[in-house]
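Here is a brief report on helix packing and pocket geometry. The sequence and structure come first.

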Amino acid sequence: MNRILIVEDEPRIAAFIEKGLRAKGFATTAVGDGQTALAHLRRGGHDLVVLDLGLPDTDGIAVLEELRGVGDGVPVLVLTARDDVGDTVGALESGADDYMTKPFAFDELVARIRLRLRPGGAGEPEVVLRRGRVSLDLQTRRVRLGEREVELTAREIALLELFMRHAGQVLSREQILNRIWGYDHDPASNVVDVYVGYLRRKLAADVIETVRGMGYRFTDEP
């Protein structure tokens with residue numbers, strides 16, 4: 001059984017990740033600060049680290065640099081609310097193996113963890129999603145519609161990524177709420193409809209189709 005160290009200072013997020021990963025068959029330990037994380041890592045025994053950058057006692061980059069500085073090659077997946085290109089590049093150059101921004105799709109988190117735990121480190125994840133006219137760079141979080149770059153918020157990008165990864169499939173509002181808003185969503189909220197409206201206005205009205213009584217489907221074609 002693979003053991004994962006979760007370094008996350010927000011208790012709700014840590015509990016959400018830990019519960020989900022345990023349900024997928026992983027053993028987990030969750031800590032809320034950098035020094036405790038380093039103490040666990042010095043003792044060894046972890047197969048992967050999920051690392052937040054905004055920790056109360058130190059920056060996650062400092063944890064990463066200290067880890068790599070002593071030659072510890074344990075895979076590190078950075079999971080953070082920081083979506084600036086500079087933060088992404090800085091984390092990867094400091095030794096992170098992967099980088100995801102919050103809000104995040106839990107299924108993607110599991111997929112990326114499994115990718116990094118394959119024997120030999122397992123190849124490179126998909127870097128750019130392309131569906132029809134829309135492209136999404138997963139590292140820089142830049143979105144394009146044809147030749148036009150589109151400015152989206154972090155939550156809008158997470159929603160778009162979910163749609164693009166399931167292009168042609170109908171996603172219910174409940175599925176979207178669980179995957180994008182996860183640990184803090186209100187089942188009665190109309191937030192999904194609101195954010196689908198944002199994407200349609202910023203991209204194109206026909207990119208996402210409403211399937212009456214069922215949900216939404218990404219339908220953009222080349």
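In helix 6, Arg155, Glu156, Leu159, Leu160 and Phe163 meet Tyr195, Val196, Tyr198, Leu199 and Lys202 of helix 8. Contact means heavy atoms within 4.5 Å. Helices are DSSP runs of H or I with at least four residues, numbered from the N terminus.

This is a predicted model, in which local features need pLDDT of at least 70, side-chain atom pairs count only at pLDDT 80 or more, and totals for chains, interfaces and linings use all residues. Residues are numbered from 1 along each chain as its sequence is written, and side-chain values use heavy atoms, with hydrogens and water left out.

**Helix pairs**

| Pair | Axis distance | Crossing angle |
|---|---|---|
| Helix 6 (residues 154-165) and helix 8 | within 10 Å | roughly 85° |
| Helix 7 (residues 173-181) and helix 8 (residues 191-202) | 10 Å | about 80° |
| Helix 2 (residues 34-43) and helix 3 (residues 60-69) | within 10 Å | roughly 20° |

Axes are lines fitted to C-alpha atoms over the stretch in contact, and angles run from 0 to 180 degrees between N-to-C directions. Angles under 35 degrees count as roughly parallel, over 145 as roughly antiparallel, 65 to 115 as roughly perpendicular and the rest as oblique.

Helix 6 is roughly perpendicular to helix 8. Their contact has 7 nonpolar, no polar and 3 charged residues. Here Ala, Val, Leu, Ile, Met, Phe, Trp, Tyr, Cys and Pro count as nonpolar, Asp, Glu, Lys and Arg as charged, and the others, Gly among them, as polar.

Helix 7 and helix 8 are also roughly perpendicular to each other. Helix 7 contributes Arg173, Ile176, Leu177 and Trp181, and helix 8 contributes Val191, Val192, Asp193 and Tyr195. By class, this contact has 6 nonpolar, no polar and 2 charged residues.

Helix 2 is roughly parallel to helix 3. Gly34, Leu38, Leu41 and Arg42 of helix 2 touch Val63, Glu66 and Leu67 of helix 3. The classes are 4 nonpolar, 1 polar and 2 charged.

**Pocket**

The largest pocket has a volume of about 170 Å³. A pocket is an open set of points on a 1 Å grid over the protein atoms alone, where a 1.4 Å probe fits, with protein on both sides within 12 Å along at least five of seven lines. The volume is the space filled by probe spheres set on the points, which are joined across faces, edges and corners.

Which residues line the largest pocket? They are Asp83, Val85, Thr140, Arg141, Arg142, Val143, Glu149, Val150, Glu151, Leu152 and Ile157. Lining residues have an atom within 4 Å of a point. By class, the lining has 5 nonpolar, 1 polar and 5 charged residues.

Terms used. Helices (H or I, at least four residues) and strands (E, at least two) are DSSP runs, numbered from the N terminus.
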